[in-house]
Amino acid sequence: MMERKVVSVVHGGMIITMDEEQRVFRDGGIVIEDDKIKAIGESGDILGRFSHVADHIIDLTGHILLPGFINSHVHSSQQLARGIADDVDLMTWLHHRIWPYESSMTEDDSYLSTLLCGIELIHSGVTCFAEAGGQHVSGMARAVSLLGLRACLTESTMDSGHGLPPSWTTRTTHHCIQSQKDNYHNYHNTAQGRIRIWFGIRQIMNSTNHLLIQTRDAANQLKTGIHMHVAEIPYENQLVMDAHKVDHGTVTYLAKIDFLRNNLLAAHSVWIDNNEISLLSRAGVKVSHCPAAAMRMLGFAPVREMLDAGICVSLGTDGAPSNNRMSIVDEMYLASLINKGREVYANGTTDPTALPAETILKMATVNGAKSVLWDDELGSLEVGKKADIVVVNPLSWPMAPVHDCISSIVYCMRSENVVSVMCNGLWIMKNKKIINVDEEEVILKAMQASVEILKRAGIKLPTRMNII
Ligand SMILES: [Zn+2]
């Protein structure tokens with residue numbers, strides 16, 4: 001006998017669908033059947049047609065509903081390292097803080113770190129994230145599965161380079177590829193299909209040519225994505241030019257070895273020229289723009305130019321030690337401001353029309369879904385798509401009054417306005433309470449674990465000011 005499906009109706013709220021017609025229902029309703037959206041429209045119509053078959057009817061009058069936000073560049077393993085590398089240069093950040101920290105993590109640390117990270121992501125309305133490459137995929141998968149989130153998980157992958165911690169220097173190309181294939185076989189499509197496994201290249205400075213080629217081919221064969229930091233700093237481009245005799249940086253070289261494909265998610269992509277923008281566009285490469293991290297350490301990415309060239313640009317928070325806020329809500333606000341401000345930087349005049357609110361909202365939803373190769377099911381509220389929904393309460397001091405709901409979401413909303421989050425048809429946060437884990441308990445355990453990791457890694461932070 002087939003089990004009867006659970007039907008829920010939410011109604012009364014303003015629904016920003018992000019569908020192709022950009023429909024917004026002032027008083028809308030959604031019918032959710034198990035994990036999918038069965039119907040969407042005006043509340044009266046939806047209630048008339050479905051209230052008699054609904055198991056749950058939820059009145060969301062006064063709220064705004066959106067598709068779950070997609071954070072396309074997150075280091076979930078770095079959450080316990082928040083604050084260990086503030087106000088230091090990039091090489092100190094990497095060689096003396098982050099690598100020693102990451103290489104000292106246990107599987108349980110990855111689990112706790114991802115739990116803590118996931119809690120913060122959910123509070124900002126994220127239902128799906130793309131892991132940038134971290135430690136212990138098994139720990140990440142346990143946490144994502146428990147929280148009820150959706151994620152594309154990736155292992156931190158390097159097979160060469162300077163300054164690596166001793167335990168990482170023994171990793172061969174073969175080991176890197178095999179380990180990721182094992183992850184794929186163990187975790188891909190697990191947690192009711194909420195977890196997907198991707199391949200990762202941490203960055204070109206830590207990759208042999210063999211690793212690049214084998215990663216490209218393995219991801220192609222398994223029909224999954226590749227997540228890679230690309231063109232982060234001028235030094236990276238210079239190294240590539242010196243080593244491979246190409247006339248510009250990483251993107252030019254990746255094009256030369258046929259690495260640029262439509263399953264590549266390139267994080268940052270700050271130091272690229274016009275020709276490289278064309279190369280990315282032609283290959284269908286997706287770009288994750290991480291405004292806070294870019295401002296802190298990398299520079300102004302040519303986001304307007306990439307969007308104008310037809311590149312799918314989405315938004316990411318990056319990791320806690322380079323942001324330190326893991327809120328996609330804050331990134332939406334920053335992305336718009338930074339890219340308006342960049343016009344001032346470039347030619348001395350401001351341009352308030354650069355990256356308007358509707359573009360930013362698209363980056364956090366529709367483009368996010370395309371970036372994680374999941375746009376057939378995610379990114380908008382439409383019939384047949386997964387029920388990943390954010391519920392916003394605008395009736396509090398950060399947002400009130402709301403004259404223009406689209407600009408209010410981008411320029412006024414804070415994470416505090418996100419009250420409930422549904423992923424895959426189930427509430428994972430309701431009335432600001434995380435449903436599947438005890439938030440206080442996770443915070444306590446995470447704080448203890450973070451101190452232990454720093455001890456094991458031998459990381460000593462200099463004291464600031466005159467702390468007595
Ligand atoms: Zn990153």
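This is a predicted model: local features need pLDDT of at least 70, side-chain atom pairs count only at pLDDT 80 or more; totals for chains, interfaces and linings use all residues.

Reader: Which residues are the protein donors of the zinc ion?

Author: Donors are N, O and S atoms within 2.8 Å of the metal (3.2 Å for Na, K and Ca), and because water is not among the atoms, sites may look incomplete. Here the protein donors are H73 (NE2), H75 (NE2), H229 (NE2) and D318 (OD), which lie 2.1 to 2.4 Å from the zinc ion. Along the sequence these donor residues follow the spacing H-x1-H-x153-H-x88-D. H75 lies in the loop between β6 (69–74) and α2 (90–103), and H229 in strand β11 (residues 226–230), so the pair ties together parts that are 154 residues apart in sequence. Helices (H or I, at least four residues) and strands (E, at least two) are DSSP runs, numbered from the N terminus.

Reader: What is the geometry of the site of the zinc ion, judged by the angles among its four donor atoms?

Author: Ideal angles at a metal are 109.5 degrees for four tetrahedral donors. Four donors count as tetrahedral if all angles lie between 85 and 135 degrees; four count as square planar and six as octahedral if opposite donors are over 155 degrees apart and all others between 65 and 115; anything else is irregular. The angles at the zinc ion run from 84 to 176 degrees, and the site is irregular.

Reader: In what order do the strands of the four-stranded open sheet lie?

Author: Strands of a sheet pair through backbone hydrogen bonds, either parallel or antiparallel. Two strands pair if DSSP finds at least two bridges between them. In this sheet the order is β6-β7-β8-β9, with parallel pairing. β6 and β9 (195–197) stand at the edges with a single partner strand each, so one side of each is left without a neighbour in the sheet. Between β6 and strand β7 (residues 126–131) there are four bridges, and F69 has V126 in β7 as its bridge partner.

Reader: What is the order of the open sheet of five strands?

Author: Its order is β10-β11-β12-β13-β14, and the pairing is again parallel. The edge strands, each pairing on one side only, are β10 (199–201) and β14 (313–315). β10 and β11 pair over three bridges, and G200 has H227 in β11 as its bridge partner.

Reader: Which residues of helix α7 are buried?

Author: An α-helix has 3.6 residues a turn, so residues three or four places apart point the same way. Buried means under 20% relative accessible area, exposed over 50%, and partly exposed in between (1.4 Å probe, protein chains only). In helix α7 (residues 234–244), E236, N237 and V240 are buried. Seen down the axis of α7, its buried residues fall within an arc of 100 degrees (taken from the directions from the helix axis to the C-beta atoms), so they line one face of the helix. Among the elements that cover these residues are β11 and α8 (250–256).

Reader: What does Y253 touch?

Author: Contact means heavy atoms within 4.5 Å. Y253 lies in helix α8 and is buried, with a relative accessible area of 4%. Not counting residues up to four places away in sequence, Y253 touches I204, N209, L212, V240, H244 and V246.

Methods: Residues are numbered from 1 along each chain as its sequence is written. Side-chain values use heavy atoms; hydrogens and water are left out.
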